[in-house]
Amino acid sequence: MNKQRELWIDAAKGFSIIFVVMGHSGDAAANHYLSWFRMPLFFMLSGLVFKPVDSCRYLGWAAKRTKGLMTPYAAYGMLIATVLLLFSFNVRGFAENIARLLYGGLSLTGPYGVFWFITCLLFTQLLFGFIVRYPMRTQLLLITAAYSLSHLISLTSLHTFNLPWNIDVSLLAVTYYAVGYYGKKAIPALIRRRLTLPLLLPLCAGVFALERTGMIRYSLNMKYKEYDAVVLDLFIPLLISLTICAGVYGLTRVLPLQWLGSLGRNTIAIMYLHLPVNYTLKYLLGADYGLVPFTVIGVGVPLLAAMWISRYPLLSRWYLGHSGASRPAASYIERSAVSRRFSAGD
C-alpha cells in the first residue's frame, strides 16, 4: 500500500513554484518581494519531509540523492543546449553551455538561470544528512556556524567569488532546511490551530508595510549571495513561509486543491522549463508580455510536459528523477475519514 502524501505540503510546494515563475517574469516588484521567501520556503518544505540516514549508509544514500537530482540536471541541460545549437548552429556556444553546466553557480544565466537551485539543494541535503549523525547540541552548533559563515561571505568580497554549483549558498540554505526538519511536529501542529493564520497575517502585513515606507530595508537573493541581515534573514523568510503553510492548510480543508498538489509534485519540470519555454515564445512572438501570461505559460506548459513524460519510465528517470509512479496526495479530511473507518472496524 502506497504511503499517502500530505496535500498541504504538495500544495505549498505548488504555490512556491508559482512564486518562482512569477519572480522571473521581469516584474521588478514581484521579484523583489517574492525573493524574500520563495527559495527559503522550498528548503523548509524539503526539510519537513527529510528522513535521516544512518552514518553507515550515508555514502550509498548520498550517491542515490546525487543521481536523483543530477540526472534531470544533465538531461534538461543537454536538451536546452541542443535546442540552442539547432537554432544558432554555434558549436562554440554549445561547448560553452556544456562547460557552464559543469561548473554551475553564478555562470548559469539565461535559460539556465534556475539550474543553480538544484545543485544547491543537493549540497544542502548532503550537508544536513551528514550533520544529523551527531548529537543535537552539535547539530545546532554546526548549523549556527554555517548560518554565520554564510553571512560572513555575503558581507565581504567573498560573495563575488563563483564557487562551483553554488556550494557556499548551502551554508544559508541548510538553516531553512533544518527548520523544516526540526519542525516536523511543531509546524503541522502550529498551522492546524485556528488562531495561527489570523496572528501571522498581520505580522506579515506589518513587515511589508515597514519595508514599503522605508522604515526597514530588506532584500534577499540566495543565488547571488545577497543576504546581509543576520536577524531578518531568519525572521522574515520563515514568518512568511509559515503564513503560507497555514493558509494553504486551511484552504486544503475547504477547497479541492489536488491540482495544486499536482504542481507541487512536478516542481522539477516547471523549475527547469519555465524560462526556456517563455524565452522561446517571446522570441517567436518578437515581444515581451506581462506577469500573468508569463506565469500561466511558465507553469502550464511544463506541467503538461511532465504529465506526458511520466507515461514513459525511461523519460521519467531522465527528466523527472523517478520512474514515473507517484504517490497520491491526501488531505487531512481524507486521512481523518480513513482513520474513522478503521476505528469503526470497516
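**An aromatic cluster and its surroundings**

Reply: Phe50, Tyr58, Trp61, Phe128, Phe130, Tyr134, Tyr177, Tyr181 and Tyr182 form one aromatic cluster, where rings of Phe, Tyr and Trp (its six-membered ring) pair if their centres lie within 6.5 Å, with planes under 30 degrees apart counted as stacked, over 60 as edge-to-face and the rest as tilted. The model is predicted, so local features need pLDDT of at least 70 and side-chain atom pairs pLDDT 80 or more, whereas totals for chains, interfaces and linings use all residues. Residues are numbered from 1 along each chain as its sequence is written, and side-chain values use heavy atoms, with hydrogens and water left out.

Within the whole structure, 29 aromatic pairs are found. Phe128 and Tyr182 make an edge-to-face pair, with 5.9 Å between centres and 65 degrees between planes; because Phe128 lies in helix α6 and Tyr182 in helix α8 (residues 170-182), this pair ties together parts 54 residues apart in sequence. Helices are DSSP runs of H or I with at least four residues, numbered from the N terminus. Phe128 is buried at 0% relative accessibility, while Tyr182 is partly exposed at 30% (buried is under 20% relative accessible area, exposed over 50%, partly exposed in between, with a 1.4 Å probe and protein chains only).

Leu126, also in α6 (residues 115-131), is buried at 15%, and, leaving aside neighbours within four places in sequence, Leu126 is in contact (heavy atoms within 4.5 Å) with Tyr58, Trp61, Ala62, Arg65 and Thr66. Tyr58 and Trp61 are among the buried residues of α4.

Definitions and conventions: Helix = DSSP H or I, 4+ residues; strand = E, 2+ residues; numbered from the N terminus.
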